[in-house]
Amino acid sequence: MNWLQRILRRNQLDRELQEELAAHLALKQQRLERDGVAPEDAARQARHALGSTVTWREETRAQWGFAALESLWQDIRYGLRVLGKDKVFVTVSLLTLALGIGANTAIFTLANALLWKPLPVRDPQELVRLHVTNLAGNEYAWMNGRTEAPKERLQIPYPMFAELSKRQRSFVDLFGVAGHGQVVLNVGDTAHQVRMSVVSESFFPTLGIGASAGRLLQAGDDAPGGGVAGPSLVISDALWTRLFARSPDAVGARVVVEKVPFTIAGVAEPGFMGIHPGEESEVWLALGAFDVMFPDWKWRTSAESWMLQPFGRLKRGVTVEQANQELSVLSRPLLEQVREKGLSGKEEQAFLAMKLEAVPSGTGYSWVRKRFEPAFWMLLGAVGALLLIAATNLTNLLLARATARRAEIAVRLALGASFGRVWRQLLVESALLACGGTVLGLIAAQWLSSGLLRAMAGDGSPIRLNAETDWRVVLFLIAVLGTVVIIAGVVPAWSGSRGGALSARVQQRESASRGTQSLRAGLIVVHIAFTLVLLGGAGLLLDSLRGLMREPTGFDTAGSVFLTPDLFNAGVSAEAMPAAYERIVEAVRREPGVRAAAWTMHVPLTGTLQAFTIETPAAMALPAQERMVFTHQVTDGYFQATGVPLLAGSEMPSRLKAAQGRRSVIVSENLARKFFGSVDGAIGQRLKPGSEDWAVVIGVAADAKYQHIWEKAPLTVYTNYWDRQKAKGMTLVLRHEPAMRQSVAAAAHRWFRQEAGRLPFVSTRTLEANVWSSLATERTLAWLFTGFGVFALLITATGVAGLLSYTVQLRRKEIGIRLALGATPARIGWQFQRYGLVLGVSGIAAGAVLCYWLRRGLDSFLFQVEASDPVVWIGACVLLLASAVLAAAIPSRRAASLDPMRVLRME
Amino acid sequence: MAENARQDLLPGTLDLLILTTLEHGPAKHGYAIMEAIWSGSGELFRVEEGALYPALHRLEVKGWLGSEWGMSEANRRAKYYKLTAAGRKQLVRAKADWDRIALGMRRVLEGL
């Protein structure tokens with residue numbers, strides 16, 4: 001019979017043991033009777049010799065191997081009963097734990113999905129991405145509103161990619177990704193907005209992704225006009241479900257992407273969302289699609305279009321270092337092929353000195369990751385602190401309970417319970433709390449993580465993550481739980497059983513309790529330290545957020561609305577677009593409630609920005625990077641509609657006037673001062689934006705921020721859309737009477753429908769919303785920290801109050817005697833008040849050390865605020881001290897108001 | 001008295017005594033094993049029930065003893081224990097161990 005069978009047959013075994021003992025008793029009695037003992041005496045003697053049947057029956061049962069299990073079950077039932085009696089304690093500890101565990105799980109799950117989870121492809125550890133590094137150092141880019149000098153170029157031109165694929169020996173194969181974005185996909189008559197990636201034909205085979213249906217992209221799809229079946233595309237399993245209800249007819253179906261017909265070749269395997277965590281792809285086009293979508297673009301031969309991000313799969317046994325050795329040899333001949341024209345000798349040397357480099361990329365590549373990684377690390381730190389506070393708070397509560405239960409424990413020990421058993425009972429109780437807290441925490445984590453993703457991304461572009469639980473999350477959860485049980489369970493159990501035993505045996509209650517008390521005081525100092533970190537962080541982030549919200553953008557943010565209609569996909573051809581734009585803006589201007597209207601290429605504060613080098617007669621000597629400016633296409637009425645003041649000169653000419661006159665530009669104030677010396681001096685000057693023709697500066701506008709509130713307003717050239725009439729996908733900006741936004745927008749929608757024949761997709765934005773949404777991450781962090789800080793402050797305050805009332809309770813006798821001997825109640829009260837103050841000050845001192853150590857952590861999130869901002873820190877310290885003093889006030893007053901006679905009589 | 005009897009036995013010796021008692025002859029029930037040890041030791045070792053039954057069950061769980069139910073002299077069902085093959089091997093091992101301990105003890109004691 002094995003262990004499991006014995007458990008299952010436990011009742012039968014019990015009966016058999018009973019019977020075995022009964023037989024023993026009978027035999028013994030018989031023997032005694034044979035020896036001449038009277039029957040009644042024999043029965044008594046036999047039973048007597050058997051001793052305490054109960055004890056050794058238990059011992060026998062223990063041999064079966066599951067007594068431990070049975071007594072554990074007993075412990076659990078007893079634990080539940082005991083906990084059920086103390087509802088306040090249970091509620092408080094469950095809530096703290098749920099918050100601690102929930103916040104940790106939520107943040108960790110997201111961080112795992114974004115930062116560490118390998119792609120769901122074959123052998124992700126073999127994947128690398130390639131970039132060009134060792135740049136000359138004269139390139140720079142805007143990232144999230146800050147100017148950065150990039151260390152590498154992520155994309156390479158197609159000819160270089162093709163040649164590299166041919167020559168390399170380190171990789172099984174290479175593939176390239178040519179960017180991704182939102183497009184309109186027409187299935188039949190219905191239009192859907194989907195996220196698309198354009199990839200080389202080697203994408204799916206190299207990743208080792210299989211098809212749910214049909215075939216995936218394959219050799220030949222990169223050819224002009226697509227493969228054998230013409231331009232084809234692959235859809236994701238999720239999109240197959242959403243649009244086609246998993247019908248097999250989807251394969252081979254004709255769909256239209258941005259007005260170009262494609263055939264659906266197949267469906268990628270379930271769970272595959274591309275290799276860019278945070279940016280899910282639903283449709284994959286082959287590079288050949290570019291030929292039909294942009295017939296003028298010579299991407300296949302162009303050395304200037306650095307458009308393809310290369311990835312590769314290393315051959316078995318080839319290390320990244322070996323691959324890099326090969327790449328470093330291959331770099332120069334490959335770069336010579338795509339040499340830029342018009343470089344000076346020195347510049348050309350620098351260009352050819354660039355190196356291709358492979359970087360392990362088993363987790364894919366994602367700008368979402370780059371952008372949010374620092375925020376996630378910070379949040380992980382914050383929730384870690386929160387968990388420590390929650391766990392130590394539970395310790396504190398359990399310690400208080402253990403003290404209160406000393407009598408019960410002493411009785412149990414006296415009745416013969418072993419130390420281990422009492423210990424285990426207390427551990428089981430904390431484990432029960434931990435389990436309850438975990439269940440609640442996991443529920444909380446569900447909505448916390450989805451809410452957090454939404455809040456951090458703002459309305460702009462949703463972050464989509466594959467946030468399924470994997471072994472990392474499970475491991476993390478186990479670690480979290482282990483921390484809680486050990487911190488909250490072992491310490492009180494140890495101190496409880498020890499204190500209990502001592503008081504039971506030696507009556508040294510006071511010394512045992514003093515030990516507990518100093519332990520609890522230590523925990524509270526730790527609480528205060530962590531609370532200071534969280535409160536200080538919250539203060540800095542809030543201050544920074546306030547600064548960002550007040551920071552002028554250069555626009556009159558109230559009273560304008562931005563509407564971006566997708567007229568192209570709704571039926572207006574590229575050729576007819578300028579005329580349609582003109583008719584719409586003219587018509588809208590006549591609508592009631594519209595003060596001004598114009599078309600613009602960029603919607604301010606949504607993150608898009610295009611930079612070109614400009615030329616002016618005087619500035620030709622400046623190096624190229626000094627002449628990089630932001631170029632923006634607008635139409636007449638733009639400055640009135642957005643509320644950017646014109647400082648000199650005039651608005652853009654209308655379409656009619658533009659056709660007759662010279663090309664004209666308007667420049668920003670900072671550009672005018674930099675290149676022309678003054679605002680007025682700029683008017684009438686000549687300027688050449690990028691590869692466009694020379695134009696005349698006709699006006700100077702105030703500086704405005706376009707990408708992010710963080711940035712310094714960029715040097716800006718506004719060109720006139722009517723001069724070239726090339727861009728499509730422009731945005732209509734309307735300045736309207738207050739409270740007429742709805743009717744004005746509805747009117748604009750009517751005109752869009754009129755032009756396109758049907759209502760196009762329109763995305764509507766306002767500057768207030770853009771400002772609000774572009775600060776989503778900062779706001780989320782600030783509020784989370786504030787929430788955590790307040791929570792920590794509450795725990796700390798209740799902790800101080802609890803510890804002090806316990807101390808007062810413990811020292812009643814002493815207080816009574818001192819009062820009887822003539823100490824004033826004020827003096828007694830002050831003594832405890834002072835204790836609260838000492839706790840607060842030591843906690844703040846410990847916290848200051850912690851803060852100094854962590855001082856760099858917040859830097860990248862602070863706008864015009866120093867991490868050492870004295871107002872914030874003094875504020876946080878005052879708040880903490882005030883809470884500690886207030887929390888100490890109640891028990892102190894109780895101590896002062898003790899009646900000495902009653903106390904002494906009771907003791 | 002009961003404590004003394006238990007303490008008189010070296011740890012592990014009770015198992016050896018039970019196994020030896022069952023080496024020859026028919027299967028025995030707990031009371032008979034107790035008697036056999038009492039008489040076999042020349043009335044030196046009295047094994048208490050509180051030690052005997054846990055030991056019997058332990059040896060059964062280890063697979064050294066087998067058991068079956070039979071009728072006892074007192075006319076009621078009793079559990080009869082006998083050695084299994086594994087029990088016999090264990091008995092040989094335990095006896096050898098015991099001989100070595102006894103020899104060692106004797107040498108040390110006589111050397112003194």
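Student: In what order do the elements of chain B run from the N terminus on?

Tutor: This is a predicted model, in which local features need pLDDT of at least 70 and side-chain atom pairs count only at pLDDT 80 or more, while totals for chains, interfaces and linings use all residues. Residues are numbered from 1 along each chain as its sequence is written, chains are lettered from A and ligands numbered from 1 in the order in which they are written, and side-chain values use heavy atoms, without hydrogens and water. Helices (H or I, at least four residues) and strands (E, at least two) are DSSP runs, numbered from the N terminus. Chain B has 5 helices and 3 strands, and their order is α-α-β-α-α-β-β-α.

Student: What percentage of the residues of chain B count as buried?

Tutor: Buried means under 20% relative accessible area, exposed over 50%, and partly exposed in between (1.4 Å probe, protein chains only). Chain B has 112 residues, and the buried part is 39%.

Student: Which residue of chain A meets B:Glu49 in a salt bridge?

Tutor: A salt bridge is a side-chain nitrogen of Lys or Arg within 4 Å of a carboxyl oxygen of Asp or Glu. Between chain B and chain A the count is 3. For B:Glu49 the N to O distance is 2.8 Å, and the partner is A:Lys28.

Student: How many residues apart are A:Glu737 and A:Arg595?

Tutor: Their side chains meet in a salt bridge (3.2 Å, N to O). A:Glu737 lies in the loop between β23 (731-736) and α25 (741-756) of chain A, and A:Arg595 lies in strand β15 (residues 594-600), so the pair links distant parts of the chain. The separation is 142 residues.

Student: Which residues touch the most other members of the largest nonpolar core?

Tutor: A nonpolar core is a set of buried Ala, Val, Leu, Ile, Met, Phe, Trp, Tyr and Cys residues joined through side-chain atoms within 4.5 Å. The largest one has 98 residues, and its largest share, 16 residues, comes from helix α13 (residues 367-404) of chain A. The residues asked for are A:Phe376 and A:Leu541.

Student: Which residue is the bridge partner of A:Leu233 in β10(A)?

Tutor: Two strands pair if DSSP finds at least two bridges between them. Strand β8 (residues 232-235) of chain A has both faces covered, and 4 bridges join β8(A) to the parallel strand β10 (residues 260-268). In β10(A), the partner of A:Leu233 is A:Ile264.
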